[in-house]
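Visitor: Could you show me how to read the surroundings of a ligand and the aromatic pairs in a model like this one?

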Amino acid sequence: MSIAAAGETPGSLYVKEVLIQTVARNAGEPEFHQAVQEVLESLAPVFDHRPEYRTARILERMLEPERVIMFRVPWQDDQGRPQVNRGFRVEMNSALGPYKGGLRFHASVNLGILKFLAFEQVLKNSLTTLMMGGGKGGSDFDPKGKSDNEVMRFCQSFMTELARHIGPNTDVPAGDIGVGGREIGYLFGQYKRLRNEFTGVLTGKGLNWGGSLIRPEATGYGAVYFAAEMLATRGETLAGKTCLVSGSGNVAQYTVDKLIDLGATPVSLSDSGGFIYDKAGIDREKLQFVFKLKNERRGRIQEYADQFSSAVYTPIDPTLDHNPLWSLKAECAFPSATQNELDAKDARHLLESGVYVISEGANMPTTLEAVKLFLDAGILYAPGKAANAGGVATSGLEMTQNSMRLSWTREEVDSRLYGIMKNIHKACAETATAFGTPGNYVNGANIAGFLKVADAMMDQGLV
Ligand code: NDP
């Protein structure tokens with residue numbers, strides 16, 4: 001593995017050495033290696049300016065989770081058969097506050113994927129300026145095709161073990177892929193029953209039992225606010241712009257919602273079966289159909305094209321070496337499904353078809369080669385740890401409301417979310433400029449996020 005574009009300075013030699021060690025010590029975790037490489041490539045100049053971080057071995061400490069919990073999750077399916085899944089919680093870093101980060105239920109979940117997500121989460125939470133450490137967890141349980149009762153029994157079994165390790169001042173999980181309002185409800189119910197206490201131990205809760213207004217909307221809204229901030233640096237707005245959106249879950253739905261609000265035209269959505277392209281644009285009525293389809297009936301996005309004649313459905317073709325969704329004509333793209341859904345070939349197609357704004361709703365949806373193409377092209381490219389930080393920021397606001405035992409209005413939470421996204425954009429832009437790479441939001445996000453955590457770790461001693 002090579003560190004590109006780094007000259008031979010003490011800082012670059014240090015990050016090169018740490019990356020080699022990280023790959024050797026964490027064999028078989030390619031997503032973790034990828035996330036670490038992306039961050040370390042940005043950080044080399046920081047270690048030239050601040051050699052004390054090297055002496056204190058801050059990076060080596062940040063790359064080792066403070067604690068990893070792995071456990072068996074036994075549950076019974078509707079036929080009475082025993083099933084066994086694997087549960088995880090990666091408590092990565094608590095320098096800035098209680099561990100905070102989502103739970104993912106998806107068949108692909110493994111330790112390496114959760115370590116990449118937890119590492120990203122540490123830097124993302126730092127960018128929000130709220131007092132939150134970083135963590136991530138989940139299970140290889142696949143909620144697709146399971147009955148509500150099966151999902152409930154699984155969540156209860158999962159929480160029976162997890163409850164020992166979390167708490168409102170220790171570790172506060174939330175949702176992620178496969179974990180939405182339904183799952184958070186079942187998880188919270190079991191925690192409350194086991195501990196006999198009603199506390200803000202999870203975020204993304206229902207509105208009538210401690211949840212925050214705007215939390216479901218926050219990640220998608222935040223990614224759109226970030227894109228708007230980037231465009232403002234060029235004196236432009238989202239109004240009238242054609243936008244590609246991938247995924248059709250929580251993040252994708254509210255990305256489309258806010259794009260419609262701001263006068264843009266979202267034209268695509270996807271799931272693991274394929275994507276729809278609606279040249280006429282996804283309007284409010286069509287979005288209502290998607291909310292019902294995905295959140296209530298739990299159907300496939302293909303049904304959108306059966307319902308609306310302006311849309312065409314393209315199933316996934318496993319023989320293709322690219323995703324044709326990223327070849328559609330547009331100005332902006334919001335990858336909002338999953339990691340590595342956009343590779344170098346897709347990046348070339350996006351650039352060729354005129355896309356010059358990319359705001360990542362998903363975590364690490366873009367491969368390292370594709371990121372380099374975007375940076376070399378000088379387009380407005382926002383990495384997930386900055387662009388999708390609105391979700392966890394609003395979880396932080398939910399924690400604040402729970403601590404105060406009161407609820408803010410929709411307008412209050414949305415205006416705080418907007419303010420936080422503006423500040424994250426500003427911090428990324430200013431840091432990128434201060435480190436000699438103006439317009440490079442990847443460097444800006446990585447360095448700004450890192451500095452705050454590193455300084456807190458220095459203050460707190462060797463723990
Ligand atoms: P959801 O489970 O609500 O939706 C996920 C969407 O992505 C679904 O449409 C799903 O399709 C699709 N998808 C998932 N995995 C794959 C895959 N391997 N291949 C193709 N499509 C896939 O999750 P969210 O919307 O909450 O999360 C989406 C992304 O946003 C993730 O990367 C998550 O980490 C990130 N994120 C989420 C936050 C949140 O607040 N929810 C906060 C910050 C980041 P299908 O149903 O067919 O699987």
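Guide: The shell around the ligand takes at least three residues from each of domain 2 (67–197) and domain 3 (218–387), where the domain bounds come from an automatic or database domain assignment. This is a predicted model, in which local features need pLDDT of at least 70 and side-chain atom pairs count only at pLDDT 80 or more, while totals for chains, interfaces and linings use all residues. Residues are numbered from 1 along each chain as its sequence is written, and side-chain values use heavy atoms, with hydrogens and water left out.

Visitor: How many residues surround the ligand?

Guide: A residue is counted as near a molecule if one of its heavy atoms lies within 4 Å of it. Here 24 residues surround the ligand, and the closest are Asp176, Thr219, Ser272, Arg300 and Asn363. Helix α8 (215–232), helix α9 (250–261) and strand β8 (268–271) each supply at least two residues of that shell; helices (H or I, at least four residues) and strands (E, at least two) are DSSP runs, numbered from the N terminus.

Visitor: How many aromatic pairs does a search of the whole structure find?

Guide: Rings of Phe, Tyr and Trp (its six-membered ring) pair if their centres lie within 6.5 Å, and planes under 30 degrees apart count as stacked, over 60 as edge-to-face and the rest as tilted. The search of the whole structure finds 24 aromatic pairs. One of them, Phe188 with Trp209, is tilted, at 5.0 Å centre to centre and 35° between the planes. This pair links distant parts of the chain, with Phe188 in helix α7 (residues 181–195) and Trp209 in the loop between α7 and α8, 21 residues apart.

Visitor: Is Phe188 buried or exposed?

Guide: Buried means under 20% relative accessible area, exposed over 50%, and partly exposed in between (1.4 Å probe, protein chains only). Phe188 is buried, with a relative accessible area of 3%, whereas Trp209 is partly exposed, at 25%.
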